[in-house]
Amino acid sequence: MDINDLLQQQKVFFNSNETKSVAFRIEQLKKLKSILKSNEDSLYQAIYEDFGKSEFETYVTELSLVYHEISNYIKNIPKWSKRKRVGTNLVNFPAKSYIIPEPLGNTLVIGAWNYPYQLSLLPAITALAAGNTVILKPSELPKETAALMAELINSNFPKNYFHVVEGGVDITTELLNHRFDKIFFTGSTKVGKIVYQAAAKHLTPVTLELGGKSPTFVLDDTNVKMTAKRIVWAKFLNAGQTCVAPDYILVEKTIETRFLEALKAEIENHYDQNYTDAPNYLQIINTTNFERLVKLINQDKLYFGGQTNKDARFISPTILNKVSFEDEVMKDEIFGPILPVISFSNLDDAIQKVKDQPSPLSCYIYSKSNTTIKKILKEVSFGGGAVNDSLMHLSNSKLPFGGVGLSGIGAYHGKTGFDAFSHQKSILHKSFWLEPNLKYSPYSNMKLRIIKWLMG
Ligand code: NAD
């Protein structure tokens with residue numbers, strides 16, 4: 001693959017102005033939706049081969065979001081791409097002022113593996129909706145899904161508009177040597193830094209969707225059973241391989257035992273503890289991650305679960321108890337089905353511990369007390385989250401989705417995403433019928449007084 005040639009072709013196409021047409025963009029999104037719909041069986045098959053993801057989970061956590069966002073953009077592109085009138089200040093009278101949202105140009109989207117369709121296609125759709133060209137580099141780890149996306153997109157869209165480039169670190173490094181008008185990256189903080197440095201060489205704007213350790217506060221006034229149900233679903237969905245999964249729990253000491261029992265009961269209700277439950281539970285993506293995760297299961301702190309099977313890359317839903325911030329499992333984002341539980345007696349101390357860590361991508365609070373909820377929301381910095389729920393905030397495309405600090409730069413979903421791939425071109429549009437001489441020489445005290453009065 002000659003990246004230079006591909007990018008040149010996309011530059012030429014972008015400069016033809018075709019992508020600036022709203023009708024063109026809508027037509028392309030409709031086409032993409034129809035391609036995905038008519039190949040759904042292959043999409044389910046590929047992801048099942050990669051890591052045992054069922055049709056149910058693939059639809060609910062990937063394709064439904066992709067379809068919804070395509071429809072959302074088809075409906076809103078005309079409005080969001082329209083120029084917007086804004087007021088004009090007195091000093092410019094007579095004139096009108098407006099903002100033209102315009103595409104940035106040639107964009108690069110780099111996807112992560114854990115939701116391989118959603119994390120590659122959502123940013124790509126957003127870039128196309130805003131009128132850009134796209135080179136999409138999905139993660140190389142889920143081989144079948146990456147190959148299928150390449151096949152479906154590359155055989156249906158012209159290379160100079162929307163093209164998938166498959167490959168790992170070497171290809172990404174090569175792509176990053178080129179000058180794009182926008183880079184959208186989803187992945188780890190470590191690689192995010194590499195992408196940011198490469199982008200800086202060309203002053204290319206970035207959106208970095210990164211990870212982190214997302215805390216979950218469980219307060220003693222919560223509905224324990226419902227809290228456990230929602231946390232267990234959010235944590236063990238995708239076998240914990242979710243960037244916004246509750247990474248660890250901070251539970252108030254007074255309800256610790258009851259809460260642990262409720263977690264255990266919920267796991268027993270929903271998951272088989274042996275690898276016989278394929279449609280409901282995923283594999284770990286590869287052996288490297290499997291081995292990394294197994295090392296995090298400290299047998300001295302094992303409360304529940306801990307069954308593993310290397311051949312099947314299976315780790316059962318696992319709870320660790322009496323964990324401290326010094327434990328190995330608290331050093332990095334877990335990204336697997338291991339849930340450490342830390343108890344606390346003083347909320348201020350617990351908040352301080354969270355504040356001592358880098359700002360996470362998400363945070364969840366389970367409580368009925370508005371005072372407590374407001375206190376945590378005010379004091380803890382994080383990308384986004386939910387009160388009395390986990391994960392579901394990302395399904396509302398009206399909520400910007402992104403991190404802060406080490407968990408990312410920028411955000412997307414819905415209008416926020418559209419804006420992330422657009423430039424707001426600001427125009428002051430004058431007429432010729434009046435030209436006050438105020439700003440021209442010769443200067444005078446009188447002119448200065450008037451300008452001072454006008455400008456405030
Ligand atoms: P990763 O950073 O290892 O890989 C992401 C992408 O970067 C892949 O396409 C990969 O090919 C490429 N890459 C890897 N190493 C590279 C290098 N040295 N130079 C250039 N490119 C390189 O991340 P991952 O393992 O795919 O995903 C897991 C991480 O992503 C977790 O930290 C998770 O929290 C985060 N994540 C964030 C979000 C979000 O929306 N914020 C979503 C999913 C995952």
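1. Contact here means heavy atoms within 4.5 Å. By that criterion, 22 residues of domain 1 touch 23 residues of domain 2. The structure under review is a predicted model.

2. The domain assignment places two stretches of the chain, 3-210 and 406-424, in domain 1, and gives 215-398 to domain 2. Between the C-alpha centres of domain 1 and domain 2 the separation is 30 Å.

3. The size of an interface is often expressed as the accessible area lost when the parts come together. For domain 1 and domain 2 the buried area is about 1,900 Å², with 56% of it on carbon and sulfur atoms. On the side of domain 1, F51, E57 and W113 together provide 27% of the area buried against domain 2, more than any other three residues.

4. Which polar interactions cross the interface of domain 1 and domain 2? The rule finds 11 residue pairs in polar contact there, both residues being at pLDDT 80 or more. Zero salt bridges are found across this interface.

5. As to secondary structure, α3 (40-51) and α4 (55-80) are the elements that each give two or more residues to the side of domain 1 that touches domain 2. The largest share of that side comes from α4, with six residues.

6. In composition, the residues of domain 1 that touch domain 2 comprise nine nonpolar, nine polar and four charged.

Notes
Residues numbered from 1 in each chain as written. Predicted model: local features only at pLDDT ≥ 70, side-chain atom pairs only at ≥ 80, totals over all residues. Heavy atoms only, no water. Domains from an automatic or database assignment. Buried area = accessible area lost by both parts, 1.4 Å probe. Salt bridge = Lys/Arg side-chain N within 4 Å of Asp/Glu carboxyl O. Polar contact = N/O pair within 3.5 Å; in protein donor to acceptor, adjacent residues only side chain to side chain. Helix = DSSP H or I, 4+ residues; strand = E, 2+ residues; numbered from the N terminus. Nonpolar A, V, L, I, M, F, W, Y, C, P; charged D, E, K, R; others polar.
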